[in-house]
Amino acid sequence: PREAASLDPQHRMLLLTAAEALTDACQLAAPSGQTRDVGVFVGISTHEFSQLQSAPQELAHLDAWSLNSIAATLAANRISFAFDLGGPSVAVDTACSSSLVAVHMACEAIRRGECSAALAGGANAIYNAAAFVSFSRAGMLSPTGRCKAFDKSADGFVRAEGAGLIFLLPSSVAREQGLRVYAEILGTAVNQDGRKPSMTAPATAAQTE
């Protein structure tokens, strides 16, 4: 309870969503004392809560649990701890692509045998207006307030809040266990745009590749 008082809400959302994903995949219950070979890969690129907690006027309120409550890496580690999962436990920050890269890393970890299954996804929560102001001045936000990704009418992006995690298993294992399969991931890849006119602008050739 003392740690919960200063916990980053993104951690809370991820814990809840992890429980929902594990329950949906019939994986929530585990034999007592048996750590499961499940990895956790969490995309988390918003650190505004930790900035608020570290403000000079808040320093007097910091306690022994404050650092664990705001550290981005603990967003993944907390899930592994809470559900006794022994696979890789990684927080990923690649800005807008954080959750997708987390899924890629989870798939690769399963293929390499680092874990037999994985939770992957991400969370985002907004705590102040600073990023909105900066993005707006850079002309990045959609004036219509609507995301139109990959559409010729796209005019910017929209910031939003929420969390999502998926439970990943090799499809053959999922079918052997009689689990519901929502979709199959046939392949993933990660690259970078390299040098281009603006570091924050996408590169069509890199995305096509």
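**Helix packing and a loop tyrosine**

Modeller: In this predicted model, the α1 residues His11, Leu14, Leu15, Ala18, Ala19 and Leu22 are in contact with Leu74, Ala75, Arg78, Ile79, Ala82 and Phe83 of α4. By class, the residues of this contact are ten nonpolar, one polar and one charged. Two packed helices are described by the angle between their axes and the distance between the axes. Here, α1 spans residues 9–24 and α4 spans residues 73–83; the angle is about 45° and the axes lie 10 Å apart. Angles from 65 to 115 degrees would count as roughly perpendicular and those under 35 as roughly parallel, so α1 and α4 are classed as oblique to each other. The handedness of the α1 and α4 crossing is right-handed.

The residue is tyrosine 127, which sits in the loop that runs between β3 (117–124) and α6 (130–137). Leaving aside residues up to four places away in sequence, tyrosine 127 touches Asp8, Pro9, Gln10, Glu48, Phe49 and Leu52. With one of these, aspartate 8, the tyrosine 127 side chain makes a side-chain polar contact of 2.7 Å. As for glutamate 209, 82 residues from tyrosine 127 along the chain, the C-alpha atoms of the two are separated by 36 Å.

Conventions
Residues numbered from 1 in each chain as written. Predicted model: local features only at pLDDT ≥ 70, side-chain atom pairs only at ≥ 80, totals over all residues. Heavy atoms only, no water. Helix = DSSP H or I, 4+ residues; strand = E, 2+ residues; numbered from the N terminus. Contact = heavy atoms within 4.5 Å. Polar contact = N/O pair within 3.5 Å; in protein donor to acceptor, adjacent residues only side chain to side chain. Axes fitted to C-alpha atoms, helices over the stretch in contact; angles between N-to-C directions. Parallel < 35°, antiparallel > 145°, perpendicular 65-115°, else oblique. Left-handed = near helix turned anticlockwise from the far one by under 90°. Nonpolar A, V, L, I, M, F, W, Y, C, P; charged D, E, K, R; others polar.
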